Amino acid sequence: MKVTLAQLNYRIGDLAGNCNKIADVIQQQGNQADLIVFSELCITGYYPLDLLDKPDFIANQDEYIERIKKLSEQYSAGIIIGFVDRNTFSGKPYHNALMLIESGNSCFIYHKKLLPTYNIFSEARHFEPGKIPGVCLFRGHRLGFLICEDGWNDQAPYHYDNNPVQDLAREKPDLILAINSSPSNTGKQEERVLRFTQIAKHCHAPLVYVNQTGANDDIVYDGASFVCDGEGQGILQLPAFEEHVATLMIPDKADKNTSVVSLLSMDNTTLYYQQLIMGIRDYVAKCGFPGIVVGSSGGIDSALTIALAKLAIGADKVTAITMPSRFSSEGSLQDSKALCHNLSIKLYTYSIDDEFALSLQSFSNVFKEPARGLTAENIQARIRGRVLMEYSNQTGYLVLSTGNKSELSVGYATLYGDMCGGLNALGDLYKMQVYALANYYNKLHPEAAIPQEIIDKAPSAELAENQQDSDSLPEYPVLDAILRKYIEGDLISVNEQQQDSVILQQVSAEVIADVKKRVDRAEFKRRQAPPIIRLQRRSFGMGRQLPISGSYAHW
């Protein structure tokens, strides 16, 4: 059987745009394959959330499905789409579903049986689990179906009572078709390949894994779709982080002469690089921003953010603003200039010193005491945040905030100051990962490098005389190890756990307890942060839901 894998970039709620993408593939491949396979919820985009509650949303979706059915009459291929089906029985109003279309007719519908409600997922909010078997006969072939989570039934710690894979194995399918909207994060592609090649071996059937690509809000989908034979050996892999359509002849179960390819995954730094570029690009495009503005401090975080923004949307659509005060070093100002020269980015210099002095005087006049310490430091950060938002209002440009995960974890950031923005690109990267990504970027782009002075300098907010981050925080390698264990400890790889354990052996219990306390107290700040592009196994936001006013003693 000849199958086309359609790995496409959908926009949530854009029924017309998504349908047009699907129709384009059908028109190009409709007579080249027996089956064209699209990904999970490809009509609506994944995941529509409470758009599903809007009047007529599902009725409008159904109109576009009818258009796809009508188009299919002109072509020989069967078409598999993911869509939202109504639940006509008790329970939640809808099913996450799959439809097989042939010659203008819906000839099979399958409902997803396992609905994830952990980490960033909340499918049980709207969907009812399916009960019908995921097997049908198509042109003499027994097709077995899985929708994303259906393949993860026995993966700790999320065990389900239902076992769609075991159900399929009993049906002895000739081919398994798994449609997915599987977000990207560190280690995910290795897990997918391991899991779904095991399913192919267990069922003794070739398996086609089709995933969507592209970013919606803070979630990025990498694609990386693949095909393996009944022995679990790879025979095709599509590229990650781009749209791609490929057609191949699926080998028969008994075929032992299939050409084998390695199903590769990226190292973490390469993943961060590609995922952040796609995340920024799609957020800007899908939200309709004409460009990006970033505050350039002369530090590593803002420098890397500017570099990634240029790669995502082009230098002509990126603006940087450096906003020196009396505490800004001349080196930082010159580093911002050198960076933007290397990147061909427009840079504005906006001194905040006069406004800072006026704010200090006004504070003293009204409250009859001088602004001191953190109050005076944060006045500077908030002036800078205001300037960026003024420029955004004037131009329509999106403000990218530049804080990293290490800082956001412990609240080392200023509300309405450096946290201002519509999107945070680095907020799921620990500080040492920021350095690794900056060095990786420089290896790829020596002609437009981040100046080495920026990478080498001691990190500082420069809000007070001779200030350094290490005055307030543990050294970043230590801080990152504590944070990884506390925030993601049950999810990180064995290798990462071992590396962090070596560092933590030298750290006192008092330091670890203090960092944990800071993480808990900073929850109120993170709730007010802009969306953060998700990279890690557990990210702030939907992936880590904790109360702001709660209290829990760490025994």
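This is a predicted model: local features need pLDDT of at least 70, side-chain atom pairs count only at pLDDT 80 or more; totals for chains, interfaces and linings use all residues.
S103 sits in the loop that runs between strand β4 (94-102) and strand β5. S103 is not a glycine, and yet its phi is positive, at about 50°. With a relative accessibility of 44%, S103 counts as partly exposed; buried means under 20% relative accessible area, exposed over 50%, and partly exposed in between, with a 1.4 Å probe and protein chains only. Helices here are DSSP runs of H or I with at least four residues, strands are runs of E with at least two, and both are numbered from the N terminus.

Residues are numbered from 1 along each chain as its sequence is written, and side-chain values use heavy atoms, with hydrogens and water left out.

Is F241 buried or exposed? Its relative accessibility is 9%, and therefore F241 counts as buried. A further feature concerns Y46 and Y47, which are joined by a cis peptide bond with omega at about 0°. Y47 belongs to the loop between β2 (35-37) and α2 (57-72).

I turn now to helix α3, residues 164-171, whose buried residues are P164, V165, L168 and A169. Viewed down the axis of α3, these buried residues fall within an arc of 140°, so they line one face of the helix; the arc is that of the directions from the helix axis to the C-beta atoms. Which elements cover them? The cover includes the strands β5 (105-111), β6 (135-138), β7 (141-147) and β8 (175-180), together with helix α4 (188-203). Just after α3, K172 takes a positive phi of about 50°.

Next come the helix pairs. Helix α8 (residues 353-367) packs with helix α9 (residues 374-395) at an angle of about 130°, the axes being 10 Å apart. That angle makes α8 oblique to α9, because angles under 35 degrees count as roughly parallel, over 145 as roughly antiparallel, 65 to 115 as roughly perpendicular and the rest as oblique. Axes are lines fitted to C-alpha atoms, for helices over the stretch in contact, and angles run from 0 to 180 degrees between N-to-C directions. On the α8 side, E355, F356, S359, L360 and F363 meet T375, A376, I379, Q380, I383 and R386 of α9; contact means heavy atoms within 4.5 Å. The residues of this contact divide into 6 nonpolar, 3 polar and 2 charged. Ala, Val, Leu, Ile, Met, Phe, Trp, Tyr, Cys and Pro count as nonpolar, Asp, Glu, Lys and Arg as charged, and the others, Gly among them, as polar.

In another pair, the axes of α11 (residues 431-444) and α13 (residues 476-488) come within 8 Å and cross at roughly 115°. K431, M432 and Q433 of α11 make the contact with Y476, P477, D480 and R484 of α13. By class, this contact has 3 nonpolar, 1 polar and 3 charged residues.

I503, in helix α14 (residues 494-504), lies 26 residues from P477 in sequence and 7.9 Å from P477 in space, C-alpha to C-alpha. Leaving aside neighbours within four places in sequence, I503 is in contact with P477, V478 and A481. At 29% relative accessibility, I503 counts as partly exposed.
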